[in-house]
Amino acid sequence: MNWFFHLGRYFILLRKVFRKPEKFVVYRTRFIEEVDSIGLGSLGIVCIVSLFMGAVLTIQAAFNFTSPWVPLYAVGVAARDTLVLEFCPTIVSLILAGKVGSNIASEIGTMRVTEQVDALEIMGINSSGYLILPKIIAAIFVHPFLIILSMFLGLLGGYVAGVASGVVTSYKFIYGIQYQFLPFSITYALIKTVVFAFIITSVSAYHGYNTHGGALEVGRSSTKAVVYSSIIILLFNVILTQLLLS
Amino acid sequence: MIEVKNINKKFGDRAILSSASVLFEQGKINLIIGESGSGKTTLMKCMVGLENVNKGEVLYDGRNFIAMDDREKKAIRKEIGMLFQGGALFDSLTAEENVTFPMTMFSDMSAEEKRERAQFCLQRVNLPNAGKLHPSELSGGMKKRVGIARAIAMGPRYLFCDEPNSGLDPRTSILIDNLIKEITYELNITTIIITHDMNSAIEIGDNIVFIYNGTIWWRGPKEEILKTENPEINAFVYASEFMKKIKKTFS
């Protein structure tokens, strides 16, 4: 029952979020601020994680392909498919759920417990729309760029690690990442990214917006935001994969 | 003028307000006093629509706020200014931006006009040089004054203040009290203040409403509250030694 209560309240909140904004100019400014906060603010972690994970994936692939029947370029193919299909859209989104989601929940939660949300309502402003809509739009806009960057850096990390450690040659790795490449893989990854961006921002904002109490509850909301966003991302990962790849 | 008629509010099975009816006059400072948990803040939240009521009416100059749709409520809210207990200033904005915020959202004023109006409001609360400071750089009293400046920025008809003196030293309390008093008379607005501070009640209140266990226990001019023999009111008003001494002196 509790689950249905939250689901219903989540959709009621979303309905309020997508109401017509009071002033587009203000929302546009907020959107740009959020692109900066969500997008540029996450650039560092996305770059670092992608580079190192790409490197590790390549070395692990090479370590597992010991049979002489498996061509060396398969290391590139495995690294590419793992990064493009799963690691970049899903794992990076899970990392962003931790970073961006907790940030959104604690920001809105703090605003709630310090009556800043009430202050917006008293002024006649749709507080949920003002606070949440720019975050959702900004995340949907900027996450695909982060994921494309993550793919590039992951492959770069794999290339550098593979060549430097001598497990694969430069030519074989590049041949591998081009071998039987399906452009739809990118489309699939970007569709997942957009859905995950929406989940991260809306679920985290929901937990922040419904915070009541004090600092302890803000912390709890932040934790819940990360946990629930991650679980829902994993659930939708299965659903979208089934829908798009089967 | 704001009239509250038979407001009932429950949280679960617990009744917070029971048939609360009261009239708040225009151009006067109306104080709501009562013990912690008596329902003062809930009454104010019900009046401004931050809490839904189970039953009853809130009339803003005859317009029933409870029966209005969201659009009409928004229009009424533009006539309301509210000072929150902790100031509720937006952390990411400077004091000046906090004051200009409602103008940015609801007016077509140019940036220069907004700045001028914000400066006027900040000067009115004796903070002409605080415009560039963020809330984290302001003291408690300064935050409340910026809160007042923001509340009056759009020229409200109704001003709500939730414990404007809480956490302030006596001198700053008097400063805030006087500021609210001056603004009320200057703009001829309906001001409603929740307070625990009897000094403040005696100092600036025109009418006082005493809430006890979610009901309007007593209402009248401030002079009367000191004379009443009602035991619940006496227990609240003369709780401090200082007030007991005053009573002794006058009797």
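Where in α6(A) does a kink lie? The kink, of about 30°, is at Val142(A), shortly before the proline Pro144(A); the bend at a residue is the angle between axes fitted to the seven residues ending there and the seven starting there. This is a predicted model, in which local features need pLDDT of at least 70 and side-chain atom pairs count only at pLDDT 80 or more, while totals for chains, interfaces and linings use all residues. Residues are numbered from 1 along each chain as its sequence is written, chains are lettered from A and ligands numbered from 1 in the order in which they are written, and side-chain values use heavy atoms, with hydrogens and water left out.

Helix α6(A) has 39 residues and reaches 54 Å from its first C-alpha to its last, close to the 57 Å expected at 1.5 Å a residue. That expected span is 1.5 Å times one less than the number of residues. Helices (H or I, at least four residues) and strands (E, at least two) are DSSP runs, numbered from the N terminus. Just after α6(A), Gly166(A) takes a positive phi of about 80°.

The largest nonpolar core has 86 residues, of which Met47(B), Tyr60(B) and Phe160(B) touch the most other members. Such a core is a set of buried Ala, Val, Leu, Ile, Met, Phe, Trp, Tyr and Cys residues joined through side-chain atoms within 4.5 Å, where buried means under 20% relative accessible area (1.4 Å probe, protein chains only). Helix α6 of chain A, residues 127-165, gives the most to this core, with 12 residues.

Chain B holds an open sheet of 4 strands, ordered β2-β1-β4-β5, with antiparallel pairing; two strands pair if DSSP finds at least two bridges between them. β2 (14-24) and β5 (63-64) of chain B each have a single partner strand and stand at the edges, so one side of each is left without a neighbour in the sheet. Between β4(B) and β5(B) there are 2 bridges, and Leu59(B) stands opposite Asn64(B). Helix α1 (residues 40-48) of chain B lies across β1, β2 and β4 of that chain, at about 115° to β1(B). Contact means heavy atoms within 4.5 Å; axes are lines fitted to C-alpha atoms, for helices over the stretch in contact, and angles run from 0 to 180 degrees between N-to-C directions.

Another open sheet in chain B has 6 strands in the order β6-β7-β8-β3-β9-β10, with mixed pairing. The twist averages 15° from one strand to the next. Helix α5 (residues 140-152) of chain B lies across β6 and β7 of chain B, running at about 175° to β6(B).

How values were computed
Buried < 20%, exposed > 50% of the residue type's maximum accessible area, 1.4 Å probe, protein only.
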